[in-house]
Amino acid sequence: MATLAELRVQIDAVDDELVRLFEERVRLGGQVGDYKIQNGMKIFDRQREREKLKDVAEKASTEFNKKGVQELFEQLMAMSRKVQYQKLVEAGALGRLPFIGVKELDTQNARVVFPGTEGAYSQAAMEYYFGEKCNSFYVRTFRDAMESIEEGAADFAVLPIENSTAGAVDEMYDLLVEFENYIVGETIIPITHTLAGLPGTELSDIERVYSKGVALMQASRFLDEHSGWQQISVANTAIAAKKIMEDKDKSQAAVCSANAAKIHGLEVLVDNINDDPNNSTRFIVVTNQKIFHKDAKKISICFEVPHESGSLYHLLSHFIYNDLNMTKIESRPVEGRNWEYRFFVDFEGNLAEPAVKNAIRGLREESRSLRILGNY
Ligand SMILES: O=C(O)C(=O)C[C@]1(C(=O)O)C=C[C@@H](O)C=C1
């Protein structure tokens with residue numbers, strides 16, 4: 001039997017040959033890229049790749065090798081595509097950037113909308129981002145705010161997208177797909193909930209607690225200690241506070257900020273009731289113009305993937321090969337198509353960078369309905 005050293009010599013010889021053939025294949029892939037660019041053809045040829053995978057599997061002898069050789073060729077062809085996309089970018093064949101780079105966002109005379117009512121956390125986030133004196137108004141729901149932007153009634157909207165305890169605000173992700181609005185900024189603020197009621201309310205008076213569903217979730221430990229209380233979800237924490245004040249009923253309380261309690265004439269019955277003392281929410285700033293700040297560092301996109309094994313894996317490889325750092329991924333069901341998903345990805349970068357253009361080019365060709373949600 002051969003010794004380990006002898007076997008390794010043989011493996012080294014095979015590997016040297018593989019590297020030589022790999023380089024030869026990448027070179028040919030590049031030439032195909034030049035041809036496709038000259039003739040205005042798409043880089044990704046799904047049909048050709050399917051045939052290739054079938055062919056190489058047929059040439060392998062065992063089931064294990066058939067599967068292995070297919071995985072290997074999937075990778076090899078993905079690499080060819082990356083080389084070809086790179087060439088496209090170098091040839092300037094990317095077309096115009098659909099987004100306009102701006103030096104500053106025009107926030108001076110802007111009219112800003114936030115969901116809820118006076119005292120909403122979105123208002124606090126808005127004041128943090130635009131300043132306390134900004135020209136603002138409120139609407140009831142997230143959808144109403146997105147509509148105000150789309151119609152041009154407001155220049156910017158401030159909306160929650162993610163909470164450190166409760167996770168993604170699913171509704172916002174769906175609205176970002178539904179409306180042609182774009183993210184141009186973000187801000188994170190601490191969220192500290194209180195239990196608020198009419199002045200003089202005792203905890204023993206309370207029968208019903210109103211708030212936004214996610215706020216009830218964020219205070220679930222405290223609320224679970226009072227299992228007799230009915231929890232009722234309303235559109236917004238500050239709307240809950242306003243309702244308690246209007247109903248003048250001591251059997252009702254709200255989960256809201258101390259500021260919302262004060263604005264609506266309520267007493268803070270129990271302070272700081274969130275499960276996590278570091279509870280905070282990330283808010284996005286949305287507008288209807290396709291603009292991005294020239295120094296923007298983060299890009300949000302969404303896309304649907306073909307219902308095929310490995311398709312998400314291949315799409316995400318565009319980030320790896322272009323050396324882009326992905327910071328977040330979320331998925332949401334695609335409406336009307338059971339068990340199919342739309343992915344939302346955040347990654348670091350600026351739309352003007354070649355690596356970003358290259359990745360987006362590849363993602364656009366290989367996914368369904370790619371949308372750039374914003375660069376901020
Ligand atoms: O044959 C082509 O059209 C190529 O671009 C080459 C290649 C490959 O590497 O084999 C790469 C990308 C295509 O999706 C299909 C095949």
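This is a predicted model: local features need pLDDT of at least 70, side-chain atom pairs count only at pLDDT 80 or more; totals for chains, interfaces and linings use all residues.
**Note on helix packing, ligand shell and annotated domains**

1. In the UniProt record, an unreviewed entry, the feature "domain: ACT" is placed at residues 300-376.

2. For residues 111-288 the end C-alpha atoms are 13 Å apart, with 32% of the span in helix and 33% in strand.

3. Turning to the ligand, the residues that surround it are G29, V32, F44, D45, R48, E49, K52, M77, S80 and R81. Sorted by class, this shell around the ligand holds five charged, three nonpolar and two polar residues. Helix 1, helix 2 (46-59) and helix 3 each contribute at least two residues to the shell.

4. Helix 1 (residues 4-38) and helix 3 (residues 63-90) also pack against each other, their axes coming within 9 Å and crossing at roughly 45°. The two helices are therefore oblique to each other, and helix 1 passes helix 3 in a right-handed crossing. On the helix 1 side the contact is formed by R25, V26, G29, G30, V32, G33, D34, K36 and I37, and on the helix 3 side by L76, M79, S80, V83, Q84, K87 and L88. By class, this contact comprises seven nonpolar, five polar and four charged residues. G29, V32 and S80 take part in the contact and are also listed among the residues surrounding the ligand.

5. Helix 3 has a further partner in helix 12 (residues 354-366), against which it packs at an angle of about 120°, with the axes 9 Å apart. That angle makes helix 3 oblique to helix 12, and the crossing of helix 3 and helix 12 is right-handed. Here R81, K82, Y85, Q86, L88 and V89 of helix 3 meet P354, K357, N358, R361 and G362 of helix 12. The residues of this contact divide into four nonpolar, three polar and four charged.

6. Which residues of helix 5 and helix 6 meet each other? In helix 5 they are F142, R143 and M146, and in helix 6 they are E171, M172 and L175. By class, this contact has four nonpolar and two charged residues, and no polar ones. The axes of helix 5 (residues 142-151) and helix 6 (residues 170-178) come within 10 Å and cross at roughly 25°. Helix 5 and helix 6 are therefore roughly parallel to each other, with helix 5 passing helix 6 in a right-handed crossing.

Note on methods
Residues are numbered from 1 along each chain as its sequence is written. Axes are lines fitted to C-alpha atoms, for helices over the stretch in contact, and angles run from 0 to 180 degrees between N-to-C directions. Helices (H or I, at least four residues) and strands (E, at least two) are DSSP runs, numbered from the N terminus. Angles under 35 degrees count as roughly parallel, over 145 as roughly antiparallel, 65 to 115 as roughly perpendicular and the rest as oblique. A crossing is left-handed if the near helix is turned anticlockwise from the far one by less than a right angle, and right-handed if clockwise. Two residues are in contact if their C-beta atoms, placed from the backbone, lie within 7 Å. Ala, Val, Leu, Ile, Met, Phe, Trp, Tyr, Cys and Pro count as nonpolar, Asp, Glu, Lys and Arg as charged, and the others, Gly among them, as polar. A residue is near a molecule or strand if its C-beta atom, placed from the backbone, lies within 6 Å of it. UniProt positions are given in the numbering used here, feature names are shortened, and annotations may be inferred rather than shown by experiment.
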